[in-house]
Protein chains: 2
Amino acid sequence: MNEVECRHRVAAAHVARLATTRADGRPHVVPICFALDDDNLVTAVDGKPKRTLDLLRLDNIRAHPPVSVLVDCYENDWSRLWWVRIDGVAAIVVDRAERAYALGLLSAKYPQYQASPPSGAVVSITVSEWSGWEAAPGK
Amino acid sequence: MNEVECRHRVAAAHVARLATTRADGRPHVVPICFALDDDNLVTAVDGKPKRTLDLLRLDNIRAHPPVSVLVDCYENDWSRLWWVRIDGVAAIVVDRAERAYALGLLSAKYPQYQASPPSGAVVSITVSEWSGWEAAPGK
């Protein structure tokens, strides 16, 4: 799958999975809502109730900025399976204008955020590599 | 979400995401088909076309056995969101009887495997921790 198609599928997806590395080297994975802006993927810790543990993703990113993000499609018809993986480098957004811009992208994509903007940290992931796979290319 | 409910939701799911740690410490994530057998989750590298790179998951497991597996539900109604994460330790199955047993579990769950059993490596993940979250507990 070429990069144009990878971008198209990621931009259209509503959920992705963010894998990070813990301080001790073990992997960690959580589902995320996100918006894609050119070579930048933004996501926020929102108002959905969280246990403290779930903010482990932020500690992980501070200690190990490289992350991996997966968007995939599962169906019982396995000829329709595909996935796109983004490998990139994450940072917690501290600049106010950059944060406001990212929240604008998220609110534009998710009406749910318009009523209740994310209150937690915003994470920005700079894409370093796109990888894509599909069971039946061109089907 | 208690452990009984976590197990129930994972057993019923048809796809999960497996996060591993690469030799250089960066995380990696792929979608997997799997079967749950008590405190063991099994998955196989199957006949779906793969690029060599995708077998990176096996190299990662050999170098860093700890893995993290996510099952989640995304819907536009965010009161229905939930996820379950399994943290565990993975190993590549070398024993022939253990491999046959795992493939039997996978074929029982996925009719697609009955016509075409997985030809690649079988991975067994021993669960060390269940974590679960739902937006509206008890809804």
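Me: What share of the contacts in chain A with a separation of 6 or more comes from residues 24 or more positions apart?
Reply: Residues 24 or more positions apart account for 69% of those contacts in chain A, where two residues are in contact if their C-beta atoms, placed from the backbone, lie within 7 Å. Before we go on, please keep in mind that this is a predicted model, in which local features need pLDDT of at least 70 and side-chain atom pairs count only at pLDDT 80 or more, while totals for chains, interfaces and linings use all residues. Residues are numbered from 1 along each chain as its sequence is written, and chains are lettered from A and ligands numbered from 1 in the order in which they are written.

Me: Ok, what pLDDT does chain A average?
Reply: Chain A averages a pLDDT of 92, and 93% of the residues score at least 70, pLDDT being the predictor's confidence in each residue, from 0 to 100. Where pLDDT is low, the predicted coordinates should not be read in detail. The model also scores ipTM 0.93 and pTM 0.94.

Me: How many helices and strands does chain A have?
Reply: The secondary structure of chain A comes to 4 helices and 7 strands, and here helices (H or I, at least four residues) and strands (E, at least two) are DSSP runs, numbered from the N terminus. From the N terminus on, the elements of chain A follow the order α-β-β-β-β-α-β-β-α-α-β. The radius of gyration of chain A is 15 Å, close to the 14 Å that the globule rule gives for 139 residues, so chain A is as compact as a globular protein of that length; this radius is taken over C-alpha atoms, and the globule rule is 2.2 Å times the number of residues to the power 0.38.

Me: And which element has the lowest mean pLDDT?
Reply: Among the elements of chain A, that is H2(A), with a mean of 90, whereas E5(A) has the highest, 98.

Me: Now the sheet, in what order do its strands come?
Reply: The 7 strands form an open sheet in the order E2-E1-E5-E6-E7-E4-E3 of chain A, with antiparallel pairing, and two strands pair if DSSP finds at least two bridges between them. At the edges are strand E2 (27-32) and strand E3 (35-37) of chain A, each of which pairs on one side only. Neighbouring strands of this sheet are turned by 30° against each other on average, direction ignored; axes are lines fitted to C-alpha atoms, for helices over the stretch in contact, and angles run from 0 to 180 degrees between N-to-C directions.

Me: Which helices lie across those strands?
Reply: Helix H2 (residues 56-63) of chain A lies across E1, E2, E5, E6 and E7 of chain A, running at about 55° to E1(A). Helix H3 (residues 96-109) of chain A lies across E3, E4 and E7 of chain A, running at about 85° to E4(A).

Me: Back to E6(A), is it mostly covered or exposed?
Reply: E6(A) is mostly covered, with 8 of its 11 residues buried. A residue is buried if 20 or more other C-beta atoms lie within 10 Å of its own, exposed if 12 or fewer, and partly exposed in between, with C-beta atoms placed from the backbone.

Me: How many bridges join it to E7(A)?
Reply: E6(A) and E7(A) pair in the antiparallel sense over 11 bridges, and A:Trp82 has A:Glu134 in E7(A) as its bridge partner. On E5, strand E5 (residues 66-73) of chain A pairs with strand E6 (residues 82-92) of chain A over 8 bridges, again antiparallel, with A:Ile86 as the bridge partner of A:Val69 and A:Trp83 as that of A:Asp72.

Me: New topic, how many residues of chain A are in contact with chain B?
Reply: 27 residues of chain A are in contact with 27 residues of chain B. On the chain A side, E5(A) gives the most, with 5 residues, and the residues of that side divide into 13 nonpolar, 8 polar and 6 charged. Ala, Val, Leu, Ile, Met, Phe, Trp, Tyr, Cys and Pro count as nonpolar, Asp, Glu, Lys and Arg as charged, and the others, Gly among them, as polar.

Me: Last one, where is A:Asp38?
Reply: A:Asp38 sits in the loop between E3 and E4 of chain A, and its phi is near 60°, a positive value in a residue other than glycine. With 8 C-beta neighbours inside 10 Å, A:Asp38 counts as exposed.
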